[in-house]
Amino acid sequence: MLRLKTMGWKKTGARWTESRALAGTLAMGLLIATTSQGRAQDTVQTTTTTTPTKTTITSSKIGPSAPVTYDNRWETYIGLTYMSFKAGQNLPKFMNFGGGVVQGTYWLTDHLGASIQYRGQAGTTPVFAGADLYKISRPLVYMNMGLLGAEYRGPKNQYIAVNYHAYGGVSHGTFSDTRKPNEPFFYQVTGLYRDSTKPIAYLGGSIDYNLAKRVAIRLSPDLVLTHFGTDTREYFGISLGGIYRFGKR
């Protein structure tokens, strides 16, 4: 009987243990399920409440510059000039002749234009060595020129244009500006030309670098022909300046 009681107690204890184990398992499963559900809710809540940031890209569009069409009717040119020049028939050394140029061009077609030009240049010149005895050293010389000519526009694009030109006219040279009234020997001892008005010509070309549709920078080298003495002399000249185009052809 004691054995049966013992067996019954053991059996009852086993069942109690099994019940406790089952209850623990259920409690653990419920805890895990509750935790998983809470995490899922947190995930859903986070997902639904988070608004993605929208990035707006603003692109600035810069339009191209106005095209250079070369359809202008008028063109003006103002620049600085330089010429290597001899102020006397037999002077051994050249002088530096600097000044300015103003030019207006009327374009007849896309390639051909008629131009009028004024040039003024001045400088001091070396003279014969014997002039030092008369206290004459590097007298002032200046020249005023008026020319007419033609421009021919050659290859061109949006950046540069190549032009060819020929100008002819007259030049009045003043070589006695520093001569004193008591110096009748001035021309003999200095070797300078006498004041006179003579023909002059400029033959050359130019390169125009466009800064805008109407504005450009011009570099213009020239072969200069003068005739102040007994023969025609050839000199190198160059000018640099700005161009403004206006009017429509």
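## A buried pair to start from

R245 and E75 are both buried, where buried means under 20% relative accessible area, exposed means over 50% and partly exposed lies in between (1.4 Å probe, protein chains only). The two residues form a salt bridge, with their closest N and O atoms 3.7 Å apart; the term covers a side-chain nitrogen of Lys or Arg within 4 Å of a carboxyl oxygen of Asp or Glu. R245 sits in strand 8 (residues 233-248) and E75 in strand 1, so this pair ties together parts that are 170 residues apart in sequence. Strands (E, at least two residues) and helices (H or I, at least four) are DSSP runs, numbered from the N terminus.

A word on what you are looking at: this is a predicted model, in which local features need pLDDT of at least 70 and side-chain atom pairs count only at pLDDT 80 or more, while totals for chains, interfaces and linings use all residues. Residues are numbered from 1 along each chain as its sequence is written, and side-chain values use heavy atoms, with hydrogens and water left out.

## The salt-bridge network

E75 also meets R153 in a salt bridge, again through the side chains, at 3.7 Å from N to O. This pair links distant parts of the chain, with E75 in strand 1 (residues 72-85) and R153 in strand 4 (residues 140-156), 78 residues apart. E75 and R153 are both buried.

Next comes R218, which forms a salt bridge with D208; their closest N and O atoms are 2.8 Å apart. R218 belongs to strand 7 (residues 215-226) and D208 to strand 6 (residues 196-210), ten residues apart. R218 is buried, with a relative accessible area of 2%, and D208 is buried with a relative accessible area of 2%. Salt bridges link E75, E151, R153, D208, R218 and R245 in a network. A search of the whole structure finds ten salt bridges. Side chains of opposite charge can pair when their charged atoms come close.

Strand 7 pairs with strand 6 in the antiparallel sense over nine bridges; two strands pair if DSSP finds at least two bridges between them. The bridge partner of N210 in strand 7 is A216, and a hairpin of four residues joins the two strands. Strands 7 and 8 run antiparallel, joined by twelve bridges. Here T226 stands opposite R233, and six residues lie between the two strands of the hairpin.

## A closer look at D222

D222 lies in strand 7 and is buried, with a relative accessible area of 5%. Its side chain joins that of H165 through a polar contact of 2.5 Å. Such a contact is a pair of N or O atoms within 3.5 Å; within protein, one must be able to donate a hydrogen and the other to accept it, and residues adjacent in sequence count only if both atoms are side-chain atoms.

Leaving aside neighbours within four places in sequence, D222 is in contact (heavy atoms within 4.5 Å) with residues including R119, H165, Y202 and Y235.

## The chain as a whole

The protein chain has two helices and eight strands, and 32% of its 249 residues count as buried.
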